[in-house]
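Subject: A structure for you to look at

Hi,

Here is the structure I promised to pass on. Have it open while you read, and I'll walk you through what turned up.

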Amino acid sequence: MLNVGKIEEGFVLDHIKAGKSLDIYDHLQLDKLDCTVAIIKNARSEKMGKKDILKVECDIDMLDLDVLGYIDHNITVNVIKNGEIVEKKDLVLPRQIKNVIKCHNPRCITSIEQELPHIFFLSDPEKEIYRCKYCEEKYSSRAK
Amino acid sequence: MRHLMSPLDFTPEELDRLFDLANDIEHNPAKYAHACDGKILATCFYEPSTRTRLSFESAMIRLGGRVLGFSDAASSSASKGESVSDTIRIISCYADICAMRHPKEGAPMVASEKSHIPVINAGDGGHQHPTQTLTDLLTIRSLKGRLHSFTIGLCGDLKFGRTVHSLIGALIRYANVQFVFISPEELRVPDYITELLREKNIPYQEVIRLEEVMPDLDLLYMTRVQKERFFNEEDYVRLKDFYILNAAKMELAREDMLVLHPLPRVNEISVEVDEDPRAAYFKQAQYGVYVRMALILTLLESCR
């Protein structure tokens, strides 16, 4: 069994689908932070069989975790302070996501306009439907 | 400062004020003949659209303003690769208000985010064409006297027709509007619209033959059925006449039913219907100018 040490302050993202931790690393732009990050892949899990875990040692205000709600709201987010779990965050679908998914509608202005961000709004929280801000093309969070 | 991207950008109360203004312009044109003296409208049309562009130009000229612009992408800086964001920044220096048509969906919204002047979406691909919807609503309100309590039949290509989708979206905000969708199976109104109507308990029916429902309608909104939308020639030949409005079909209609059409018409309304007092589609084009005049005034007012 591999052991990764405790962190003093930051986040432990648990119950990530096996193999998805690097996607989350990218979406959270952890490469841009000067902090310690542990990526644990294929850890044994009673609940999931295999899972990934991310440990990020940083100021807890530094990360915007909203996007995780879109990527997988089953991820457990443990907030760590002074080496202890002080909060378990519930993930909800964010109202807006930016540059997480790309609009695939070839008629959308995002397909040609230089450096235009791909922005999606939550249009139906019940059905987990997002729509492109510009062309209103529909994307289902469940279909990802 | 306000822009117009979708017909739903205005609340029903704001639309009432806009239509009151349009009707005042209709009845007192001289009062508005110099309302836009010294103002410039830029018509940025990245794809050709004679009717919409001329309607905007006519609207601004009738208000005493002037017009500049381009009528296809080839004669604009887009042909050199300039982005919409950059173009509108430049246009903002030259004009006071801009009407933009673009083949890419959402292009006018991108422009509105960077613009220092009001931007009007004059059609963005298959997405929105809000001034057509405002035209339709003003025509109905002016000729029927209300935007509630009627049965409207929408006939033809209900699957791909963006004007139909926008009009339905705008009309469901008014009370007691019933919808009758008349189309071939291949061109039925999309499921998301019928789902929305069911959710809101708005009555609707779907039929294939126009004659069946003619006597029930207060309004008939015609659209073109294009041959290329059909899967095979046989179906097209079998169905095409169902969707041609002629004098015989008009005999089945109520005396006060109105016929609307976003135009251009090809052959879906026989020319013999043009002289029928219930044919309102050419008046509709006139209302298109009034509503654009009212819109230009309203949006310019929002800059003060």
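Let's start with a bridge: Met100(B) has Asn121(B) as its bridge partner in β4(B). Keep in mind that this is a predicted model. Strand β3 of chain B covers residues 97-102, and four bridges join β3(B) to β4(B), with the two running parallel.

Now zoom out to the sheet. In what order do the four strands of the open sheet in chain B come? They go β2-β1-β3-β4, and the pairing is parallel. As a bit of background, strands of a sheet pair through backbone hydrogen bonds, either parallel or antiparallel. At the edges you'll find β2 (66-70) and β4 of chain B, each with a single partner strand, so one side of each has no neighbour in the sheet. On average, neighbouring strands here are turned by 15 degrees against each other, if you ignore direction. Lying across β1 (40-45), β2, β3 and β4 of chain B is α3(B), which runs at about 155 degrees to β1(B).

Next, a pair of helices. Two packed helices are described by the angle between their axes and the distance between the axes. For α2 (residues 50-62) and α11 (residues 281-301), both of chain B, the angle is about 60 degrees and the axes are 8 Å apart. That angle is why α2(B) and α11(B) count as oblique to each other. Their crossing is right-handed. Among the residues that meet are Phe56(B) and Met60(B) in α2(B), and Val289(B) and Ile296(B) in α11(B). By class, the contact of α2(B) with α11(B) has six nonpolar, three polar and two charged residues.

Domain 1 of chain B puts 21 residues into the contact, and domain 2 of chain B puts in 19. Which element gives the most to the side of domain 1 of chain B that touches domain 2 of chain B? That's α11(B), with eight residues. This side of domain 1 has 13 nonpolar, six polar and two charged residues.

Last, the two chains: their contact takes 12 residues from chain B and 11 from chain A. On the chain B side, α4(B) supplies the largest share, three residues. That side has four nonpolar, six polar and two charged residues.

Enjoy exploring!

Definitions and conventions:
Residues numbered from 1 in each chain as written. Chains lettered and ligands numbered in written order. Predicted model: local features only at pLDDT ≥ 70, side-chain atom pairs only at ≥ 80, totals over all residues. Axes fitted to C-alpha atoms, helices over the stretch in contact; angles between N-to-C directions. Parallel < 35°, antiparallel > 145°, perpendicular 65-115°, else oblique. Left-handed = near helix turned anticlockwise from the far one by under 90°. Contact = placed C-beta atoms within 7 Å. Nonpolar A, V, L, I, M, F, W, Y, C, P; charged D, E, K, R; others polar. Pairing = 2+ DSSP bridges.
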